[in-house]
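Dear colleague,

I am passing on the structure we spoke about, and my notes on it follow below. Please read them with the model open beside you.

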Amino acid sequence: MMAQRLVRPQATDGSEQLETGVLTLDQGRSLIPLAVHDPEVFSLPLVGVWVRGASCPDHPLVAAACLSFATSRALPDKAVQPDGSFLLLLFPP
């Protein structure tokens, strides 16, 4: 399962391993991380993005993931706030 893999520490071989994906909520309102290539991305309401491997929110990949989510027209059901805000979940390296 994606969530279990994300909370495990990354193997450190000296290179940054950065990953991103999107977030949805289950019926119990728990966050569920999805890979970008997961087919469910196109059938579930999405509430934000996750990034693994960035040590702080100022990382350029975090900004890129947020911009991609905010401006994507390919994601049919983004459940964002009226002002456009959404969730960001960081999984540290």
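**Phe69 and its surroundings**

Leaving aside residues up to four places away in sequence, Phe69 touches Val22, Leu46, Val47, Gly48, Val49, Leu75, Lys78, Val80 and Phe86, where a contact means heavy atoms within 4.5 Å. Please keep in mind that this is a predicted model, in which local features need pLDDT of at least 70 and side-chain atom pairs count only at pLDDT 80 or more, while totals for chains, interfaces and linings use all residues. Residues are numbered from 1 along each chain as its sequence is written, and side-chain values use heavy atoms, with hydrogens and water left out.

Phe69 also belongs to the largest nonpolar core, which has 12 residues: Val22, Leu34, Val41, Leu46, Val49, Val51, Ala54, Val62, Ala65, Cys66, Phe69 and Leu75. Such a core is a set of buried Ala, Val, Leu, Ile, Met, Phe, Trp, Tyr and Cys residues joined through side-chain atoms within 4.5 Å, and buried means under 20% relative accessible area with a 1.4 Å probe, protein chains only. Two or more residues of this core come from each of β3 (46-52) and α2 (60-71), and α2 gives the most, with four residues.

As for the overall fold, the protein has two helices and four strands, which run α-β-β-β-α-β from the N terminus on; helices (H or I, at least four residues) and strands (E, at least two) are DSSP runs, numbered from the N terminus. Of its 93 residues, 28% count as buried. Among contacts between residues at least 6 apart in sequence, 60% join residues at least 24 apart.

The largest pocket holds about 180 Å³ of space, and of the 13 residues that line this pocket, the closest to its centre are Val22, Val36, Ser68, Phe69 and Leu75. A pocket here is an open set of points on a 1 Å grid over the protein atoms alone, where a 1.4 Å probe fits, with protein on both sides within 12 Å along at least five of seven lines, and lining residues have an atom within 4 Å of a point; the volume is the space filled by probe spheres set on the points. The largest share of the lining, four residues, comes from α2.

Finally, Phe42 is found in the loop between β2 (31-35) and β3. Its C-alpha atom is separated by 6.2 Å from that of Leu75, 33 residues apart along the chain, and Phe42 touches Ala74 and Pro76, again not counting residues up to four places away in sequence.

With best wishes

Conventions: Buried < 20%, exposed > 50% of the residue type's maximum accessible area, 1.4 Å probe, protein only.
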